[in-house]
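Please keep the sequence and the model in view while reading.

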Amino acid sequence: MKRIIFTIFVLTNLFQSIAKADTAMVGMVDGMVCIECQKKVTKELKAATGQEDIVVSWPDGVAIVNFDGETNFTEEDFKNIITKAGFK
């Protein structure tokens, strides 16, 4: 039951984050098993995109990058960063 409530809480926060962005990219990240994995993915995405509004959830296996305005960052770029971080 605690897991369900936690997941609902995390997803609610993630969707609120998307609603504030001009452009958002959402992707699944397989292989994250701890908070350190989450920090690594966040760090790599921040470095690659230059954006600070990035939400990563290791329990849900999701990463969201919120862009201010338009972006040239592609889905392929996103996949490459996740792979570089050691995940799928």
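Two strands are said to pair if DSSP finds at least two bridges between them. The model to which this criterion is applied here is a predicted one. In it, β2 and β3 pair in the antiparallel sense, over four bridges. Ser57 stands opposite Val62 in β3, and Ile54 stands opposite Val65 in β3. The two strands form a hairpin with four residues between them. Within the turn, Gly61 has a positive phi of about 65°.

The protein contains three helices and three strands, which follow the pattern α-β-α-β-β-α along the sequence. The strands make up an open sheet in the order β1-β3-β2, with antiparallel pairing. Its edge strands are β1 (23-28) and β2, each of which pairs on one side only. From one strand to the next, the twist averages 10°. Strands of a sheet pair through backbone hydrogen bonds, either parallel or antiparallel. Against this sheet packs α2, which touches β2 and β3. The direction of α2 makes about 155° with that of β2.

Which residues have the most contacts inside the largest nonpolar core? They are Val41, Leu45, Phe78 and Phe87, in a core of 17 residues. At least two residues of this core come from each of α2 (35-49), β2 (54-57), β3 (62-67) and α3 (75-84). Phe78 illustrates how separate parts of the sequence meet: leaving aside residues up to four places away in sequence, Phe78 touches Met25, Gly27, Leu45, Ala63, Val65 and Phe73. For the protein as a whole, 39% of the 88 residues count as buried. Among contacts with a separation of 6 or more, 65% are accounted for by residues 24 or more positions apart.

Phe73, one of the residues touched by Phe78, also takes part in an aromatic pair. A search of the whole structure finds one such pair. The ring centres of Phe67 and Phe73 are 5.9 Å apart and their planes lie at 45°, so the pair is tilted. The class follows because planes under 30 degrees apart count as stacked and those over 60 as edge-to-face, with the rest as tilted. Both Phe67 and Phe73 are buried.

Two loop residues complete the picture. Thr71 is found in the loop between β3 and α3. The side chain of Thr71 reaches the backbone nitrogen of Phe73 at 3.0 Å. Thr71 and Ala24 are 47 residues apart in sequence, while their C-alpha atoms are 9.4 Å apart in space.

Gln51 has its place in the loop between α2 and β2. Why does Gln51 count as buried? The reason is its relative accessibility of 15%, since buried means under 20%. A polar atom of the Gln51 side chain lies 3.5 Å from the backbone nitrogen of Asp68. Not counting residues up to four places away in sequence, Gln51 touches Lys46, Val65, Asn66, Phe67 and Asp68. Among these residues, Val65 is also touched by Phe78, and Phe67 is a member of the tilted aromatic pair.

Technical notes: Residues are numbered from 1 along each chain as its sequence is written. This is a predicted model: local features need pLDDT of at least 70, side-chain atom pairs count only at pLDDT 80 or more; totals for chains, interfaces and linings use all residues. Side-chain values use heavy atoms; hydrogens and water are left out. A nonpolar core is a set of buried Ala, Val, Leu, Ile, Met, Phe, Trp, Tyr and Cys residues joined through side-chain atoms within 4.5 Å. Buried means under 20% relative accessible area, exposed over 50%, partly exposed in between (1.4 Å probe, protein chains only). Contact means heavy atoms within 4.5 Å. A polar contact is a pair of N or O atoms within 3.5 Å; within protein, one must be able to donate a hydrogen and the other to accept it, and residues adjacent in sequence count only if both atoms are side-chain atoms. Axes are lines fitted to C-alpha atoms, for helices over the stretch in contact, and angles run from 0 to 180 degrees between N-to-C directions. Rings of Phe, Tyr and Trp (its six-membered ring) pair if their centres lie within 6.5 Å; planes under 30 degrees apart count as stacked, over 60 as edge-to-face and the rest as tilted.
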